[in-house]
Amino acid sequence: MNARTLHNQKGLILEDVSIQLEGRTLLELDATIEPGTVLTVMGESGSGKSSLLDFIAGFLKPDFKATGRIILDGTDVTTVPAQERHIGCMFQSPLLFPHMSVAQNLMFAIPTEIKRRTARQSLAAEALEAVNLEGFGSKDPAKLSGGQQTRVALMRTLLARPKALLLDEPFSSLDQSRRADVRQKVFSIARERALPVLLVTHDFEDAEVAGGPVYRLESPATEPQ
Amino acid sequence: MAKFRPSSNLPSLIVVFLLAGPVLAGLAGTVLPAFGYLPVLGARELTLAPFAELFSMPGLLQSTALSFWTGLVASLVSLAIVLCFAAAWSGTQTFQRVSRFLSPLLSVPHAAAAIGLAFLIAPSGFLARLLSPWATGWARPPDLLLINDPYGVAMTLGLVAKEVPFLFLMTLAALNRPEIKSHTKVATSLGYGRMSGFFKVILPQIYPLIRLPMLAVIAYSTSVVDVAVILGPTTPAPLAARLVVWMNDPDLSLRLAASAGALLQLGISAGAILVYLLFEASVTKLSSTRLARGHRMKSDGAGRMAVLATMVFIVSAMCLSLLVLMIWSLAKSWWYPAPLPQNWSLSVLSMALMQTPQIFGTTILLGILAALISTSLTLWLLETKTNAGEQVDHRLRTLIFVPLLLPQIAFLFGLKMLFLMIGLDGSFTAVLLAHLVFVLPYAFLALSDPWQRLDPRYARVAATMGASRARIFFKVQLPMLTRPVLVTLAVALAVSVGQYLPTLIIGAGRVVTVTTESVALASGGNRQITAVYAFLQLLIPFAGFAVAAAIPAVLFKNRTAMRLDA
């Protein structure tokens with residue numbers, strides 16, 4: 001065990017992370033994300049942003065090689081299966097399950113320790129209230145606007161009680177006016193709950209509002225093919 | 001290395017065992033008797049005598065030529081019609097309308113289609129009745145060989161009617177990709193006519209997806225038995241049909257010659273495929289120089305109409321055949337040349353169901369079990385592969401299609417010997433296993449694309465919320481794929497119901513389905529009872545597809561994104 005893990009330090013530590021594909025190093029990153037703060041990673045498409053997120057969340061494809069460690073609240077989760085990492089993800093699209101109602105989507109995320117149906121239902125209802133969507137529980141997710149869907153997706157992620165958040169350009173599908181609104185909500189909730197957040201974006205405004213350090217990935221286009 | 005979940009090869013192994021097992025054992029069981037080794041009959045000496053006996057059969061050359069040419073011509077004509085139709089009309093409303101007719105026709109078993117066609121075009125058939133006696137002057141059925149003609153024209157027509165819907169659906173699936181649509185637009189905006197744009201831009205891209213189904217069509221058509229028995233020539237019959245007769249001959253020594261014949265059949269189908277591949281290569285070579293010459297062939301209106309007319313002709317012939325089947329199965333008396341029955345009755349239909357409920361029951365039970373097993377196995381295989389972050393690799397994919405690329409008869413004889421040895425011959429289990437060999441490839445074909453298209457991020461999002469692999473599968477992936485899974489079950493059911501040769505040979509007369517029964521009855525004289533069984537062959541798959549369409553409509557009434565067009 002490394003000295004860092006023994007400190008039982010809160011937050012998300014990316015220790016000497018390096019990702020390679022076919023012998024070529026895509027990115028190298030060594031960073032600590034304190035609870036309630038945001039680390040923004042910026043880079044062109046193809047710069048390895050998504051493989052970084054895949055590595056942290058536990059989805060890295062077998063053809064990629066990765067070294068380094070991911071330490072979450074003092075525990076090394078590098079080899080832990082995605083299901084047990086407690087790292088919540090938001091993707092470019094809200095990815096609400098189309099065959100479930102809004103409330104079913106939220107209840108899917110609630111841990112099974114909460115057994116009573118009524119308890120689960122009221123947790124889902126509270127979550128909707130928190131993002132100003134009271135009474136939307138029985139609706140078809142496909143009938144919601146983009147901004148509403150993203151807010152439901154955020155609450156779904158949070159209901160699973162994650163210890164860290166990964167945001168993969170979750171605002172990119174929203175139009176300018178909603179964007180600021182939803183973004184504000186996400187960051188303030190993350191701060192309230194003291195969650196370390198890793199934001200991947202290529203929007204400068206996103207990075208500015210996030211307020212934390214910004215890490216730039218080099219574009220592979222400069223390298224010879 | 002963060003591996004998402006452990007990988008497992010168990011489902012691949014089961015699939016390989018279920019497919020390669022019967023095929024390899026079956027081929028071995030065909031090759032050995034063909035060279036004189038069949039200990040059950042006391043034949044233990046390796047010899048070429050079975051081949052000598054085979055080649056001394058009267059009319060063997062003619063049978064061989066018939067199998068080769070009817071199969072190859074039917075396949076080429078079907079492909080030409082389908083490609084020309086797609087070229088001329090894809091992306092139009094007409095195309096969509098015709099697709100709506102063609103898709104259900106795919107589920108019609110070969111035997112039922114052939115019987116319907118026979119009832120339509122025979123001298124005493126529906127068409128002759130419509131035109132008689134006022135136009136033809138026929139007061140009684142004329143003595144014309146409209147079906148069972150010596151050149152196999154009726155048989156070829158029957159095969160075309162069945163293979164066109166199949167190849168059409170394969171083409172439709174290939175066309176259904178977003179980049180294809182934009183390429184059509186590019187070709188049109190560069191001034192290319194619809195058909196030349198299709199053949200120069202679209203076909204080269206989609207052909208790899210149509211190729212394997214086309215080879216399967218050739219293998220099937222050159223070795224078909226049920227269509228040959230119903231519509232084909234009789235003196236002599238195409239090879240495969242004669243082999244079945246020899247196999248069932250009381251003179252057991254004929255089995256050796258039949259096995260040798262099965263190898264000859266393998267050669268015929270392989271030869272036809274080879275000829276096709278040569279044809280394909282020369283077309284590719286010829287067209288490569290023409291591709292970039294810039295001929296746009298803008299005025300292709302006449303050609304397009306001709307193609308449409310051909311397609312409408314085939315679709316109407318099929319629909320009319322099925323209608324005639326329905327009329328016959330409800331007819332009490334229908335004397336020539338009345339265009340419609342004099343008396344209608346449900347009695348034959350109910351009699352068939354009451355007197356032989358086990359035939360109907362066996363058909364449905366076999367179909368449902370084959371559908372459930374093949375669909376579950378396919379899902380298990382796909383889920384395991386996705387989970388391990390792998391694709392279903394090329395070798396496994398090819399293996400899954402092998403049973404469709406071999407003439408059925410070439411390994412069914414051997415498989416029968418194997419089942420005889422282990423005492424399973426004529427049992428329900430053996431027939432089910434034989435059906436699975438042919439049903440599994442179609443289940444895989446129907447399901448792998450929808451599975452591949454399912455956005456993998458849904459599973460990931462569920463995993464980040466702590467959902468287990470089983471929960472992701474049963475609560476996210478399976479419900480999202482409700483529609484394709486149900487369609488796959490319906491396809492698998494239809495394929496199982498349509499199986500004639502495996503049921504006949506492995507069932508050994510003890511496992512009888514509506515399909516084997518209808519073909520057996522077709523050579524007899526009773527049209528009503530033949531029509532009833534052929535009609536039941538239609539009814540079961542149609543019911544399956546109707547249920548497959550109804551369930552999601554009810555289940556996802558309020559889920560916009562789960563609708564068909566979403």
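**Figure 1. Overall fold of chain B.** In this predicted model, chain B comprises 24 helices and four strands. Its C-alpha trace extends over about 70 × 60 × 55 Å along the principal axes. The radius of gyration of chain B is 25 Å, which agrees with the value near 24 Å that a compact globule of 566 residues would have. Of the 566 residues in chain B, 48% are buried. Among contacts in chain B with a separation of 6 or more, 80% join residues 24 or more positions apart.

**Figure 2. The largest nonpolar core.** This core contains 242 residues. The members that touch the most other members are B:I115, B:A118, B:F119, B:I230, B:L325 and B:A492. Helix α18 of chain B, spanning residues 428-453, contributes the largest share of this core, with 17 residues. The core lies between domain 1 (8-38 + 346-566) and domain 2 (61-345) of chain B, because both domains give residues to it.

**Figure 3. Surroundings of B:A118 in the core.** B:A118 is one of the residues that touch the most other members of the largest nonpolar core. When residues up to four places away in sequence are not counted, B:A118 touches B:I147, B:I230 and B:L231. Of these partners, B:I230 is itself listed with B:A118 among the core residues that touch the most other members.

**Figure 4. The contact between chain B and chain A.** Chain B supplies 25 residues to this contact, and chain A supplies 28 residues. On the side of chain B that touches chain A, α19 (456-464) and α20 (469-480) each provide at least two residues. The most is given by α19(B), with six residues. By residue class, the side of chain B that touches chain A consists of 14 nonpolar, six polar and five charged residues.

**Figure 5. B:A549 in helix α24.** The helix that holds B:A549 is α24 of chain B, covering residues 527-555. Is B:A549 buried, exposed or partly exposed? B:A549 has 14 other C-beta atoms within 10 Å and is therefore partly exposed, since a buried residue requires 20 or more such atoms and an exposed residue has 12 or fewer. B:A549 and B:P484 are separated by 65 residues in sequence, and their C-alpha atoms are 9.9 Å apart in space.

Technical notes. Residues are numbered from 1 along each chain as its sequence is written. Chains are lettered from A and ligands numbered from 1 in the order in which they are written. This is a predicted model: local features need pLDDT of at least 70, side-chain atom pairs count only at pLDDT 80 or more; totals for chains, interfaces and linings use all residues. A nonpolar core is a set of buried Ala, Val, Leu, Ile, Met, Phe, Trp, Tyr and Cys residues joined through C-beta atoms within 7 Å. Domain bounds come from an automatic or database domain assignment. Two residues are in contact if their C-beta atoms, placed from the backbone, lie within 7 Å. The radius of gyration is taken over C-alpha atoms; the globule rule is 2.2 Å times the number of residues to the power 0.38. Ala, Val, Leu, Ile, Met, Phe, Trp, Tyr, Cys and Pro count as nonpolar, Asp, Glu, Lys and Arg as charged, and the others, Gly among them, as polar.
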